Amino acid sequence: VGLPLAEELVGRFPPSRNLEAWCRDPARALQDGLDLAMQHIDSDYVFLLDADSTLTFDALKACVATLDTDPKLGMAQLITVSTNGSAGVFARASALFVSMLRTSIGMLNDSGGFLFFYGHNGMWRTAALREVGPWEQYYRGRIMIGEDRMLSLLAYAAGYRGATVDRLAGE
């Protein structure tokens, strides 16, 4: 959304909620906005959501508890499931495909692989992101649209691991 709309939405919350609106330059990639937001984060962890994310009441606490167990855990990923599969035939087929893909990735994780970040519904250790970032990644001079997967690989190469948190999150 544009900055005026984002500021209007934030303005609907009481000041005690401590919300801020960040808006990327529309001429730049999405990752530019994530890098801009990283400049304003002063907490140990950062949680990334999509507009259609749904969480259980204790998801954030579960992610923090998971990351607190080991300083080499760079990321905690919630079990993300499709919640929009009833919107039509195409949505149902897409939801099924994504579910199968995530199940396959989960099986790889459980058999000694490493965890890919899904781009949302997960929490990162801020220090790990700063070490392996930025979000804006290029390959052969072109911006990557798989920056979430790339940061997973870079984090793994830097010695960080990921963990699946046993909580469902919708998308």
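The structure holds two salt bridges, a salt bridge being a side-chain nitrogen of Lys or Arg within 4 Å of a carboxyl oxygen of Asp or Glu. The model is predicted, so local features need pLDDT of at least 70 and side-chain atom pairs count only at pLDDT 80 or more, while totals for chains, interfaces and linings use all residues. Residues are numbered from 1 along each chain as its sequence is written, and side-chain values use heavy atoms, with hydrogens and water left out.

Side chains of opposite charge can pair when their charged atoms come close. Helices (H or I, at least four residues) and strands (E, at least two) are DSSP runs, numbered from the N terminus. Asp70 forms a salt bridge with Arg161, where the closest N and O atoms are 2.4 Å apart. Here too the pair links distant parts of the chain: Asp70 lies in the loop between helix 3 and strand 3, and Arg161 in strand 7, 91 residues apart. Arg167 counts as partly exposed at 29% relative accessibility, and Arg161 counts as partly exposed at 43%. Buried means under 20% relative accessible area, exposed over 50%, and partly exposed in between (1.4 Å probe, protein chains only).

Two strands pair if DSSP finds at least two bridges between them. Strand 2 runs antiparallel to strand 7 and is joined to it by two bridges; Thr54 has Gly170 of strand 7 as its bridge partner.

Strand 3 (residues 73-81) has seven of its nine residues buried, so it is largely enclosed by the rest of the structure. Eight bridges join strand 3 to strand 7 (residues 161-170), and these two strands run parallel. Leu78 has its bridge partner, Val165, in strand 7. With strand 4 (residues 122-125), strand 3 pairs in the antiparallel sense over three bridges. The bridge partner of Gln77 in strand 4 is Gly122.

Thr80 is placed in strand 3 and is buried, with a relative accessible area of 8%. Its side chain makes a polar contact with the side chain of Asn121 at 3.5 Å. A polar contact is a pair of N or O atoms within 3.5 Å; within protein, one must be able to donate a hydrogen and the other to accept it, and residues adjacent in sequence count only if both atoms are side-chain atoms. Neighbours within four places in sequence aside, Thr80 is in contact with Arg102, Tyr118, His120, Asn121, Ala169 and Glu171, where contact means heavy atoms within 4.5 Å.

Helix 3 (residues 59-67) has Ala59, Ala62, Cys63, Thr66 and Leu67 buried. Seen down the axis of helix 3, the buried residues fall within an arc of 130°, so they line one face of the helix; the arc is that of the directions from the helix axis to the C-beta atoms. The cover over these buried residues includes strand 1 (45-48), strand 2 (54-55), strand 3, strand 4 and strand 7.
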